[in-house]
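Subject: Structure for you to look at

Hello,

Here is the structure I said I would pass on.

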Amino acid sequence: MILLFIVLIPIIFSFFCILPKQTKIIQWITSCAIILASLLAFISCFYVLSSGKILFLSNIFAVDLLSVPFVLVIAIVSLICSISSIGYVNRDIEINEMKKSYIKPFYILLLLFVCTMYLSVLCQNLGLIWVSIEATTVISALLVGFYRKRASLEAAWKYIILCTVGIAFALVGLILIYQAEQISLFNGVETLNWFKLISYGKNLDPNLMKISFIFIIVGYGTKAGIFPMHTWLPDAHGQSPAPISALLSGVLLNCAVYAILRHHLLLSSAVGSNFSSNLLVGFGALSMIFSVPFILTQRDIKRLFAYSSVEHMGIILIGFGLGNFFGVLGAMLHMFNHSIGKSTLFLSTGSIVKRYGSNNIARLKGIGQTKPITSIIFLCVLLAIAGSPPFGLFLSETYIAYAIFQKFGFFPGIVYLTLIATVFAAFMYYLGKMYFSNQRPDFKFKERIGLQHIFLSIPIVILIITGCFLTPSINIISKIVEYFMRGI
């Protein structure tokens, strides 16, 4: 029942947003809905970690150990984004970037977007996961083009066309799995039920399953921003309101990765893990390699972070594809750390960009003097995303490096470390350019500490904790990693 409420609460509260006219009431209704849904999500994750999986409504809704990190990420990031969006939207109204009449649809769409993302990781039926991820595309496309400017509408159009084509590939993959289920099988199996399919995996036609996974990884990989299907991502992240960019990068990409992992485990049960693991490592490596030139030559700060997301998705896929303990551990931690850090980075960047009125890195001079409090948060999360210690991404990247050396040997390990070091150097160059250059003379030295600064500081604390205190010996972490590894 608790799983149903996690999905229903954002929908019900979105109806409550229709009636009031005051901005503050709409913002409070939205925040209350997200807080309640997050609270229920935390409780369900705690139950799964202590007592095992939750199944509900004829097994349509389910949370197992694989779902836990994804549910936690949605709960934390949506909570931070909903609170931070209050200050962001108010500022947009002050500078006439957003009309007052847009506020209601913005928050209704935000609630529905969060609802569809929860749905995509709370369903275990492969068909319903597909429907949920397609629903995220439709709703988030409206949010990407929310400013109704030429560039944002073009970005929304590109996003919906590419992701719809991608998701059509995933549908073909699902049809092939359905066909394999009908040819191979057994009576009484619920159609596309993941738990049932994986228990009968060895009976499924291996050739159909292999072909289906190729369609699945291309289809969901488009949504996950994996190279070469990533081309919608820099435009959509660059043109969206900052809280939406934070949700797109911090949560939505993970929902697509979650779908890929479910299919990876299913294929592993049917034909072994080599085929899908090699594809994951291959696409992951391509994403890392081809994102680096775009990062090195980038002028737009939001597009820079979008290409950084492509690189991090590559790291996560490599970790899961390696399949050994440190690879999977690193991928799980990296997925969590990247979501928390990147969403905070987009939110703090949104505040800075609004102050300067430009996304151009060359124009963002002296941010340490212009926005002293926000720029400290920006500095910390940028260091975290670049992979600097003591933040969690340094640890997760190190685990994956160790796993690469273990499985593939010296040369691939060195290539991986070189790519990581190159991106780190590029981020330090951009940081120095923005942080330590002279402030523009027309800007004043004034920023008061507010509630949004406190909320944006929480992810930094989380990233330091995951970097300093999360070790493989912690029972909860090893339980999740071993659960995944039992399936491959």
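Two residues are in contact here when heavy atoms of theirs lie within 4.5 Å. Among contacts in the chain between residues at least 6 apart in sequence, 79% join residues at least 24 apart. Please keep in mind that this is a predicted model.

Overall shape

The chain has 19 helices and 2 strands. Its radius of gyration is 22 Å, close to the 23 Å that the globule rule gives for 488 residues, so the chain is as compact as a globular protein of that length. Along the principal axes, the C-alpha trace spans about 70 × 60 × 40 Å. Of the 488 residues, 60% are buried.

Helix α10 covers residues 242-271. At 1.5 Å a residue, its 30 residues should span 44 Å, and the end C-alpha atoms are 43 Å apart, which agrees. How much of α10 is buried? The helix is mostly covered, with 29 of its 30 residues buried. Just after α10 comes Gly272, which takes a positive phi of about 95°.

Helix α2, residues 23-51, has 29 residues. From its first C-alpha to its last, α2 reaches 42 Å, close to the 42 Å expected at 1.5 Å a residue. The residue that follows α2 is Gly52, and its phi is positive as well, near 110°.

In soluble globular proteins, nonpolar side chains tend to be buried together. In this chain, the largest nonpolar core holds 176 residues, and Tyr118, Tyr220 and Phe378 touch the most other members. Helix α10 gives the most to this core, with 19 residues. Leaving out residues up to four places away in sequence, Phe378 touches Ile301, Phe305, Leu345, Ser348, Thr349, Ile352, Ile367, Leu431 and Met434.

Salt bridges

A search of the whole structure finds 7 salt bridges. One of them joins the side chains of Lys149 and Glu97, at 2.6 Å from N to O. Lys149 lies in the loop between α5 and α6, and Glu97 in the loop between α3 and α4, so this pair ties together parts that are 52 residues apart in sequence.

Since Lys354 lies in helix α13 (residues 325-356) and Glu97 in the loop between α3 and α4, the pair ties together parts that are 257 residues apart in sequence.

Another salt bridge is formed by the side chains of Glu154 and Arg150, at 3.5 Å from N to O. Both residues lie in helix α6, 4 residues apart, which is about one turn of the helix. An α-helix has 3.6 residues a turn, so residues three or four places apart point the same way. Glu154 is partly exposed, with a relative accessible area of 44%, whereas Arg150 is exposed, with 69%.

Finally, salt bridges that share partners join Asp92, Glu97, Lys149 and Lys354 into one network.

Regards

How values were computed. Residues numbered from 1 in each chain as written. Predicted model: local features only at pLDDT ≥ 70, side-chain atom pairs only at ≥ 80, totals over all residues. Heavy atoms only, no water. Expected span 1.5 Å × (residues − 1). Buried < 20%, exposed > 50% of the residue type's maximum accessible area, 1.4 Å probe, protein only. Core = buried A, V, L, I, M, F, W, Y, C linked by side-chain atoms within 4.5 Å. Salt bridge = Lys/Arg side-chain N within 4 Å of Asp/Glu carboxyl O. Rg over C-alpha atoms; globule rule 2.2 N^0.38 Å.
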